[in-house]
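Colleague: Please take a close look at one helix-to-helix contact in this model, and describe the residues around that contact in one connected account.

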Amino acid sequence: MNAINEIDGFFEEVPKDFEAYKNDTRTRRAVERNLEIIGEATNRILHKTDTIHLSYARQIVSTRNRIIHGYDHVSDEIIWGIVIQYLPVLQSEIIELLNE
């Protein structure tokens, strides 16, 4: 949850604008690093239990692998799509799990 909150924090004082993101190397690298952390945590959860369901879990782990190992070039568009579309879903699922 900390890594998701940290990504959200990058956009507290600036709008969530793709062009601004794309032109800010430090923010891009920080977001990618946090996605690596989120992907590793998700991978550990998947290996530890099959009772926790996280939407897009396999995609999160796959993205982590691409970023870390450089299997493919991960485009800024893909990372941005994850930040805008999938992290809010993951965040709400984690909040739900923590409240159980």
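Modeller: A crossing counts as left-handed if the near helix is turned anticlockwise from the far one by less than a right angle, and as right-handed if clockwise. In that sense H3 passes H5 in a left-handed crossing, helices being DSSP runs (H or I, at least four residues) numbered from the N terminus. The model is predicted, so that local features need pLDDT of at least 70 and side-chain atom pairs 80 or more, while totals for chains, interfaces and linings use all residues. Residues are numbered from 1 along each chain as its sequence is written, and side-chain values use heavy atoms, without hydrogens or water.

The axes of H3 (residues 25–48) and H5 (residues 76–99) come within 11 Å and cross at roughly 50°, each axis being a line fitted to C-alpha atoms over the stretch in contact, with angles from 0 to 180 degrees between N-to-C directions. From H3, the residues Arg28, Val31, Glu32, Leu35 and Ile38 meet Asp76, Ile79, Ile82, Val83, Leu87 and Leu90 of H5, contact meaning heavy atoms within 4.5 Å.

Val31, one of the H3 residues in this contact, is buried because its relative accessibility is 0% (buried is under 20%, exposed over 50%, partly exposed in between, with a 1.4 Å probe and protein chains only). Leaving aside residues up to four places away in sequence, Val31 touches Ile79 and Val83, and also Ile7, Phe10, Phe11 and Tyr21. Val31 lies 9.1 Å from Ile4, C-alpha to C-alpha, although 27 residues separate the two in sequence.

Phe11 and Tyr21, both touched by Val31, also belong with Phe18 and Trp80 to one aromatic cluster; rings of Phe, Tyr and Trp (its six-membered ring) pair if their centres lie within 6.5 Å, and planes under 30 degrees apart count as stacked, over 60 as edge-to-face and the rest as tilted. By this rule there are four aromatic pairs. In one of them the ring centres of Phe11 and Trp80 are 5.6 Å apart with the planes at 75°, and therefore that pair is edge-to-face. Trp80 counts as buried because its relative accessibility is 10%. The pair of Tyr21 and Trp80 is tilted, at 5.0 Å centre to centre and 35° between the planes, and this pair links helix H2 to H5 across 59 residues. Tyr21 is buried too, with a relative accessible area of 2%.

Definitions and conventions. Helix = DSSP H or I, 4+ residues; strand = E, 2+ residues; numbered from the N terminus.
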